[in-house]
Each structure stands twice: as C-alpha cells, then as structure tokens.
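User: I would like to learn how to read the packing of helices and rings in a model such as this one. Could you take me through the features in turn, with the general idea before each case?

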Amino acid sequence: MKSGKTMGWNKQILQAFIVIVLQVLLFNHLQVAGWGYPMVYVLILMNLPVHIPRWAEMLVGAVLGLFFDIWCTSLGVNMAACIAFSFLRPIFLSNGIQDIERIKGEVTSNSIGRIEYIKYLALLTCVHHFLVFALEAWSWHNWWMVLIETVISSVLTIAIIVTYDIFNR
C-alpha cells in the first residue's frame, strides 16, 4: 500500500504533466488582442509543498523555465522568471500567509483559504509575468507595453487558475 506522501507526489506529478500539456498545446496559442498570453504553468510552482527544500524548489523552477524556453524559443526568459518566482515564493508565503506552519502539504485554496490563495496567486503571477515581459523587451523604451502585457496576461492566467481551482475543489 502506498503512503500518503507518495500519493501526494504522484498527484502533483500528474497535475504538472497535465498543466504542461495544456500550456504547450492550448494556452501557448491563446492570446487576447495580441497583448495577453496565459501562462498557467506557474500553477506547478505555486502548488509545490510548503516545506520543500529551497534548492529543490529552485531546481524545479529552473527545469520548468528551461523546458518552456526550449519549447517557446525564448532564450532564458522563462527560466529567469521561474527561478525568481521560486526564490520569492517562500518569502511571500512566510510574510503573506498566516499560520504557515499548519500547512503540511501543497499550497492550495483548501490549505490556506480561497482569499489568501487568490492574493498569493495574484502577487506571484504578476511578478512572474512582469519579469517575463520586461526581459523580453530588454528595454524601458516601451515600458507601458510591458505593463499592459503584464496586467492582461496576469488577469487571464489568474482567471484560468481560479476557474480550475473552483472545479478542482
């Protein structure tokens, strides 16, 4: 018989595989008026267990970002954003979520509450998307385009993840 930990990891690996396939086959081809691009793969990083070793979290972020850089030919942009995301996640968790010690597994709306989860999701998604678009632009000449893309893409990504969360509950 499998332990609860093994079943939890199996669930997370299956969820990550499904999210990656959906991102590659569906979400990479969606855009809103040429400005908004859903990047739901951040869900994989968001739902990592709270007490994962820091090095493992950074490694997962690097590998996930590298995969999407290879797939999207984006020259390290996703990898840099995912590593920054993985670096900032524990800081946001410890400062933004009350009673973080009581969470034993992954960070979900069930484990921290829907409002806290949406705040956590919104903050990290906006940071990730801002880094992606700022690094792609590599210039502040059109800073307003970076902000518009960040806002529209973040709203789109958050809406998709919250919808998934509602049906997954």
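Analyst: Helices (H or I, at least four residues) and strands (E, at least two) are DSSP runs, numbered from the N terminus, and axes are lines fitted to C-alpha atoms, for helices over the stretch in contact, with angles running from 0 to 180 degrees between N-to-C directions. This is a predicted model, in which local features need pLDDT of at least 70 and side-chain atom pairs count only at pLDDT 80 or more, while totals for chains, interfaces and linings use all residues. Residues are numbered from 1 along each chain as its sequence is written, and side-chain values use heavy atoms, with hydrogens and water left out.

User: How many helices and strands are there in the chain?

Analyst: The chain has seven helices and zero strands, so that, read from the N terminus by the DSSP definition, its elements run α-α-α-α-α-α-α. Buried residues (under 20% relative accessible area, against over 50% for exposed and in between for partly exposed, with a 1.4 Å probe and protein chains only) make up 40% of the 169 residues.

User: At what angle do α6 and α7 pack?

Analyst: Two packed helices are described by the angle between their axes and the distance between the axes. Here helix α6 (residues 114–137) and helix α7 (residues 143–168) pack at about 145°, with axes 8 Å apart. A crossing is left-handed if the near helix is turned anticlockwise from the far one by less than a right angle, and right-handed if clockwise; that of α6 and α7 is right-handed. Contact means heavy atoms within 4.5 Å, and the residues making it include Tyr117, Leu121 and Phe130 of α6 and Thr150, Ile158 and Val162 of α7. The residues of this contact divide into 15 nonpolar, six polar and three charged, where Ala, Val, Leu, Ile, Met, Phe, Trp, Tyr, Cys and Pro count as nonpolar, Asp, Glu, Lys and Arg as charged, and the others, Gly among them, as polar.

User: How many aromatic pairs does a search of the whole structure find?

Analyst: Rings of Phe, Tyr and Trp (its six-membered ring) pair if their centres lie within 6.5 Å, and planes under 30 degrees apart count as stacked, over 60 as edge-to-face and the rest as tilted. The search finds five such pairs. The rings of Phe67 and Trp71 have centres 6.3 Å apart and planes at 15°, so this pair is stacked; being four residues apart in helix α3 (residues 54–72), Phe67 and Trp71 are separated by about one helical turn. Phe67, at 35% relative accessibility, is partly exposed, and ring pairs link Tyr41, Phe67, Phe68 and Trp71 into a cluster.

User: Is Tyr117 buried or exposed, and with which residue does Tyr117 form an aromatic pair?

Analyst: Tyr117 is buried, with a relative accessible area of 2%, and forms a tilted pair with Tyr120, at 6.2 Å centre to centre and 45° between the planes. Both lie in helix α6, three residues apart, about one turn of the helix, and Tyr120 is also buried, at 5%. Beyond residues up to four places away in sequence, Tyr117 touches Leu43, Asn47, Val107, Thr108, Ser109, Ile112, Ile161 and Asp165.

User: Which residues is Leu124 in contact with, leaving aside its neighbours within four places in sequence?

Analyst: Leu124, which lies in helix α6 and is buried at 0% relative accessibility, is in contact with Met46, Phe85, Leu88, Arg89 and Phe92. Leu124 and Phe85 are 39 residues apart along the chain, yet their C-alpha atoms are separated by 6.8 Å.
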